[in-house]
Amino acid sequence: MDIEIERSQSPIMDQPQIMLQFCKAMADESRLKIVGLLSTTEHSVQDLAGLLNLKEPTVSHHLAVLKALDLLTLRAEGNVHWYRLRGDVLRKISREVFSTENIARIAVSAEADGWDRKVLDNFVRGERLTEIPVSRKKRWVILKWLVQDFEPGASYSEAEVNNILKQHHDDCATLRRELIGYRMLARAAGIYRRNPDSEWRCADK
């Protein structure tokens, strides 16, 4: 029997951060293709991996990014998970998040985050890091950007963490250690989880 196991309420739409997350999510070609495929019918991770010629952990990462915006429904059929696009949430984001009022609020947020934006502009090209900053203060900004790829409450194997980080820089081992060192990720028994923002630490931030 098919069991609907997740269909959460739509995300709070009055925060400019949702707009920024949405734009980042849609800035990836593979995620755009996944959105297109899931808009017409449901697919499993295995289906999407075959259709897009991607590895299954990579597809799972892309789905996690979309799921963080509540854009997907998920149901279980035996051992297979099936995903489909939530058109209602997509329309709600378009209608409410991209309002004139919220777009104006982005300017205020951008002014407050000027330092972070400057660091990202200097070290990120598209979705790739040009290098890992030596400065701890700059590295803190980069790690805050990277940790957004990890869904709160989700569990990741080391291989899955590496696959996610390799999309941004080949030295995934250093980035993984730094995310743990800054307490953005926690590791226990070989499983990684994202820590709450309140637990993150940067000694000389």
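Helices, at least four residues long, and strands, at least two, are DSSP runs numbered from the N terminus. The model described here is predicted, and its elements are named by that numbering.

Consider the second largest pocket. The space in this pocket amounts to about 330 Å³. Its lining consists of 17 residues, and those nearest the centre of the pocket are Ser-60, Ala-64, Ala-154, Ser-155 and Tyr-156. Three elements each give at least two residues to the lining: helix 4 (56-68), strand 4 (80-85) and helix 9 (158-166). Helix 4 provides the largest share, with 6 residues. Sorted by class, the lining holds 9 nonpolar, 5 polar and 3 charged residues.

Helix 9 leads on to a helix pair. Two packed helices are described by the angle between their axes and the distance between the axes. For helix 9 and helix 10 (residues 172-181), the axes come within 9 Å and cross at roughly 110°. Angles of 65 to 115 degrees count as roughly perpendicular, so helix 9 is roughly perpendicular to helix 10. The crossing of helix 9 past helix 10 is right-handed. On the helix 9 side, the contact is made by Glu-158, Val-161, Asn-162, Leu-165 and Lys-166, and on the helix 10 side by Cys-172, Leu-175, Arg-176 and Leu-179. This contact of helix 9 with helix 10 comprises 5 nonpolar residues, 1 polar and 3 charged.

A second pair is formed by helix 7 (residues 114-123) and helix 8 (residues 136-147), whose axes cross at roughly 85° and come within 9 Å. Helix 7 is therefore roughly perpendicular to helix 8. Helix 7 contributes Trp-115, Asp-116, Val-119, Leu-120 and Phe-123 to the contact, while helix 8 contributes Lys-137, Lys-138, Val-141, Ile-142, Lys-144 and Trp-145. Of the residues in the contact of helix 7 with helix 8, 7 are nonpolar and 4 are charged, with no polar residue.

The remaining pair is helix 2 (residues 29-38) with helix 3 (residues 45-52). Their axes come within 11 Å and cross at roughly 120°. Ser-30, Lys-33, Ile-34, Leu-37 and Leu-38 of helix 2 meet Leu-48, Leu-51 and Leu-52 of helix 3. By class, the contact of helix 2 with helix 3 has 6 nonpolar residues, 1 polar and 1 charged.

Notes
Residues numbered from 1 in each chain as written. Predicted model: local features only at pLDDT ≥ 70, side-chain atom pairs only at ≥ 80, totals over all residues. Heavy atoms only, no water. Axes fitted to C-alpha atoms, helices over the stretch in contact; angles between N-to-C directions. Parallel < 35°, antiparallel > 145°, perpendicular 65-115°, else oblique. Contact = heavy atoms within 4.5 Å. Nonpolar A, V, L, I, M, F, W, Y, C, P; charged D, E, K, R; others polar. 1 Å grid on protein atoms, 1.4 Å probe; cavity = no way out; pocket = protein on both sides within 12 Å on 5 of 7 lines; lining within 4 Å. Points joined across faces, edges and corners; volume = space filled by probe spheres on them. Left-handed = near helix turned anticlockwise from the far one by under 90°.
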